[in-house]
Amino acid sequence: MASGLPSTSLKKIRLVRIAHVWYKHENIEAAKQFALDFGFVETAQVGKTTFYRGYGTEPFALALEASDQNEFGGAAFVVESEEDLVHASKVLPKECRATEVHEMKDVPGGGKRVTFYDPVDSFPFHLVHGQTPVALEDPGFPIVKFNFPVEKHRGPNEFQRFKKRPAPVHKLGHFGMCVTDFAKCYEFYSTYFNFHPSELVHNDQGVDKTVFFRLDRGDELVDHHCFFFFEGPKMHVHHSSFETHDFDAQVLGHDWLRHKGYTNCWGVGRHVMGSQIFDYWFDPSGFIMEHYVDGDLLDMKEPTHHTKAAPDNLHVWGPEVPATFLQ
């Protein structure tokens, strides 16, 4: 099993957080309607691309591009400095085909970017810096007070009342890939970037086949994972995951999507690794999108956890894992 990061003197490209994802769709109008029903807010349309934000401060969290084929367009991570962009453009292996640093023209928030391609499976990956944040919005969540058996937090004649609506998206939390060579991908991402394994999952032979990466930000608390991948026969994006406010918002969103006729993939349930309450949906192109709430926060004092792959390791409650979920 991998025991942590490989020893290297290479200066790592310092990632700060995950920012947004891009998707290309044949049926762009259906994809755009799903984005609204999922809880995004349209913020701009430039040429063939429509941009959507959450209620957080990222200028956009999702970009949908009209295309002649359905395709994943890559995830973007914010880097610490423009120097990191320059460093990435020069130090990444030639098979990554890293671009020069370039302006993000006609994109909400502006900024600069370097795009490279995964050296094993050639999916795109973006590094950005200098985007202008937007103001935090208030989606008008009710103040929820729970009455427990022996602790009552609502006063006399106070009620719980909720509005039927999509689950407002706060931010992009993570994305995941199926890759064709786990060991090579693990070595690449842990060597060139400040990714750190929160969880490594191994098979019956003790060989790691899945990693949940968080960012090494020292004492700063970060999400349990912002990027994961597992080995399979064919590269594809597995899902992108977006945070919403709380369990009520999440299940209201679940009901909204169900009544709109979309297909549920898996959920609602509670994960083990990361602890999130999850709810996975298929968009009209067949891509999987997840709402999550109540994820773990870690710093670098928490060691890497090693787990044997098993269906029960994925969730502690909820529906059984779909047979095709990890294909």
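**A guided conversation**

Guide: Over residues 171-294 the chain is 19% helix and 49% strand, and the end C-alpha atoms are 13 Å apart. Helices (H or I, at least four residues) and strands (E, at least two) are DSSP runs, numbered from the N terminus. This is a predicted model, where local features need pLDDT of at least 70, side-chain atom pairs count only at pLDDT 80 or more, and totals for chains, interfaces and linings use all residues. Residues are numbered from 1 along each chain as its sequence is written, and side-chain values use heavy atoms, with hydrogens and water left out.

Visitor: What does UniProt list for residues 171-294?
Guide: The unreviewed UniProt entry gives "domain: VOC" for residues 171-294. Such annotations may be inferred rather than shown by experiment.

Visitor: How many aromatic pairs are there?
Guide: The structure holds 47 aromatic pairs. Rings of Phe, Tyr and Trp (its six-membered ring) pair if their centres lie within 6.5 Å; planes under 30 degrees apart count as stacked, over 60 as edge-to-face and the rest as tilted.

Visitor: Why is the pair of Trp22 and Phe51 edge-to-face?
Guide: The ring centres of Trp22 and Phe51 are 5.7 Å apart and the planes are at 85°, so the pair is edge-to-face. Trp22 lies in strand β1 (residues 15-25) and Phe51 in strand β3 (residues 49-53), so the pair ties together parts that are 29 residues apart in sequence.

Visitor: And are those two buried or exposed?
Guide: Both Trp22 and Phe51 are buried; buried means under 20% relative accessible area, exposed over 50%, and partly exposed in between (1.4 Å probe, protein chains only).

Visitor: What about Phe175 and Phe227?
Guide: Their rings have centres 4.7 Å apart and planes at 10°, so the pair of Phe175 and Phe227 is stacked. This pair links distant parts of the chain, with Phe175 in strand β9 (residues 171-179) and Phe227 in strand β13, 52 residues apart. Phe175 is buried, with a relative accessible area of 0%.

Visitor: New topic: how many residues are in the largest nonpolar core?
Guide: That core has 55 residues, and Phe227 is among those with the most contacts inside it, as are Phe125 and Tyr189. A nonpolar core is a set of buried Ala, Val, Leu, Ile, Met, Phe, Trp, Tyr and Cys residues joined through side-chain atoms within 4.5 Å. Helix α3 (residues 182-192) gives the largest share of this core, 6 residues. A second, separate core of 13 residues includes Cys178 and Met273.
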